[in-house]
Amino acid sequence: MDSPVSDPRPLRVALLGAGVVGGAVARLLTEHADDMAARVGAPLEIVGIAVRRAGRDRSDLGVDPSLFTTDADDLVTRADVVVEVIGGIEPARSLILRAMDHGASVVTANKALLAEDGPALYTAAAEKGVDLYYEAAVAGAIPLLRPLRESLAGDEVRKVLGIVNGTTNYVLDKMDTTGAGFSDAVEQAQALGYAEADPTADVEGFDAAAKAAILASLAFHTRVSGTDVYREGITEVSAADVAAAREMDAVVKLLAICERGERGVSVRVHPAMIPRSHPLAGVREAFNAVFVEADAAGELMFYGKGAGGDPTASAVLGDLVAVARHRVGGGLGPGESSYADLPVLTMGDAETRYHISLDVEDRSGVLAQVAAAFADHDVSIETVRQQLVAASDGESARANLIIVTHTATDAALSSTVERLRTLDVVRGVNSVMRVEGS
Ligand code: HSE
């Protein structure tokens, strides 16, 4: 093939990590070397691949075995671009900072590090005049951060509502389609390789919370760290909650929600019911999707594979081409944009809606007492539905009350539920679930 490359000085690429993603990056970069060179304007030469342990057979990657090294500290000083796909906080942070110190641009997929210490990485990149790109950190293959950082940089993003964790989406989808309980659905996900042997980071929402912090920081030009994000996982979601959603023609999803309001931004991860008519309701199995609302653009939807070697490598390689082009042609990509510095609200101040299912006595005055609990906390009821429940012999009449509220602060909604739990006429609170997307 004729190459348009006029200055063939190769750009030196150091790869940190040769796991599922690193292996795919090395293999694809080697297989598509000519195309990459043509797109960048210079060949990309892998100068080393840092691994934790030497000696493993990695012939499947098709790269020169002499490139593998356990000396990552040295490797990052010998590169124009460092690609970090080892994950975790250390040694990734030190290696990235050392790479920048030696003048290398960095491409990383490290959501945990960006959520914990993104501003420090941005500051180092700005000081050293290098790029920091991280498209693969959120929603794998889906082009999402570049649209937020660049394509929507002239607009005002109002809301980002996303399914950004494939494992939990798979689990909730199985609960919805088969009626399985949480534990059974997790076991199925583990058997198919969607869930880790220890699924804590996914099912407790840590993974999604780190991604929410990154999305909110970009969307609202405000520093949001992982610890600012309210987080609730899916371990408490029961088959009854999923069935209750089904009755409402809704589905339960673990959502990352980044919302800009009058008083600041709310950033949270929790399970919520969304109507089946909402575009996110149709996101099945382990797929990811992110719904963005912006003032001028209106509603946008991004959909695709959020994990896996090749899909994540696609995002990494896209970043690699972008930063390599800057090396060849000059210039830098966008740095940190945190000028808006909006207040980050606590969960109590977040505005949301609740779906509440109550087991109540079926006699006069019950509805009035229940309604008073809502009114006393200034929570407006949107719909009430009552179903009679067959009482056992000798038991007084019972009913199931299903209440959906209008929007109120989470603090007011949660105080209302606390009050309901204390009422004699309420035998039990069957389920409480936030409602989004309508
Ligand atoms: N464990 C994540 C998921 C993928 O299930 O989506 C990596 O972020």
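This is a predicted model: local features need pLDDT of at least 70, side-chain atom pairs count only at pLDDT 80 or more; totals for chains, interfaces and linings use all residues.
How many cavities of 30 Å³ or more does the structure hold? The structure holds 1.

Let me begin with the division of the chain. There are three parts: domain 1 covers 11–140 + 310–329, domain 2 covers 145–305, and domain 3 covers 349–435. Taken over C-alpha atoms, the centres of domain 1 and domain 3 are 53 Å apart.

Now to the cavity. The space in the largest cavity is about 30 Å³. Its lining is made of Tyr 133, Tyr 134, Glu 135, Leu 145, Arg 146, Arg 149 and Asp 319. Helix H6, residues 145–151, provides the largest share of the lining, with 3 residues.

I move next to the second largest pocket. Some 24 residues line this pocket, and the closest to its centre are Lys 159, Glu 259, Glu 351, Thr 352 and Thr 407. The space within the pocket is about 460 Å³. Several strands give two or more residues to the lining, including E7 (157–163) and E9 (250–260). Strand E13 gives the most, namely 3 residues. Which domains each supply at least three residues to this lining? They are domain 2 and domain 3. The lining divides into 11 charged, 8 polar and 5 nonpolar residues.

Finally, I come to the ligand. Around the ligand stand Lys 111, Asn 165, Gly 166, Thr 167, Asp 202, Asp 207, Lys 211 and Ala 307. Of the residues in this shell, 4 are charged, 3 are polar and 1 is nonpolar. A side-chain N or O atom of Thr 167 is 2.5 Å from a ligand oxygen. For Gly 166, a backbone N or O atom lies 2.7 Å from an oxygen atom of the ligand. In Lys 211, a side-chain N or O atom is likewise 2.7 Å from a ligand oxygen. Taken alone, the ligand exposes 260 Å², and the protein buries 79% of that area. Two helices, H7 (166–178) and H10 (206–220), are the elements that give two or more residues to the shell.

Note on methods:
Residues are numbered from 1 along each chain as its sequence is written. Side-chain values use heavy atoms; hydrogens and water are left out. A residue is near a molecule or strand if one of its heavy atoms lies within 4 Å of it. A polar contact is a pair of N or O atoms within 3.5 Å; within protein, one must be able to donate a hydrogen and the other to accept it, and residues adjacent in sequence count only if both atoms are side-chain atoms. Accessible areas come from the Shrake-Rupley method with a 1.4 Å probe; for residues, only the protein chains shown count as cover. Helices (H or I, at least four residues) and strands (E, at least two) are DSSP runs, numbered from the N terminus. Ala, Val, Leu, Ile, Met, Phe, Trp, Tyr, Cys and Pro count as nonpolar, Asp, Glu, Lys and Arg as charged, and the others, Gly among them, as polar. On a 1 Å grid over the protein atoms alone, a cavity is a set of points where a 1.4 Å probe fits but cannot get out, and a pocket is an open set with protein on both sides within 12 Å along at least five of seven lines; lining residues have an atom within 4 Å of a point. Grid points are joined across faces, edges and corners, and a volume is the space filled by probe spheres set on the points. Domain bounds come from an automatic or database domain assignment.
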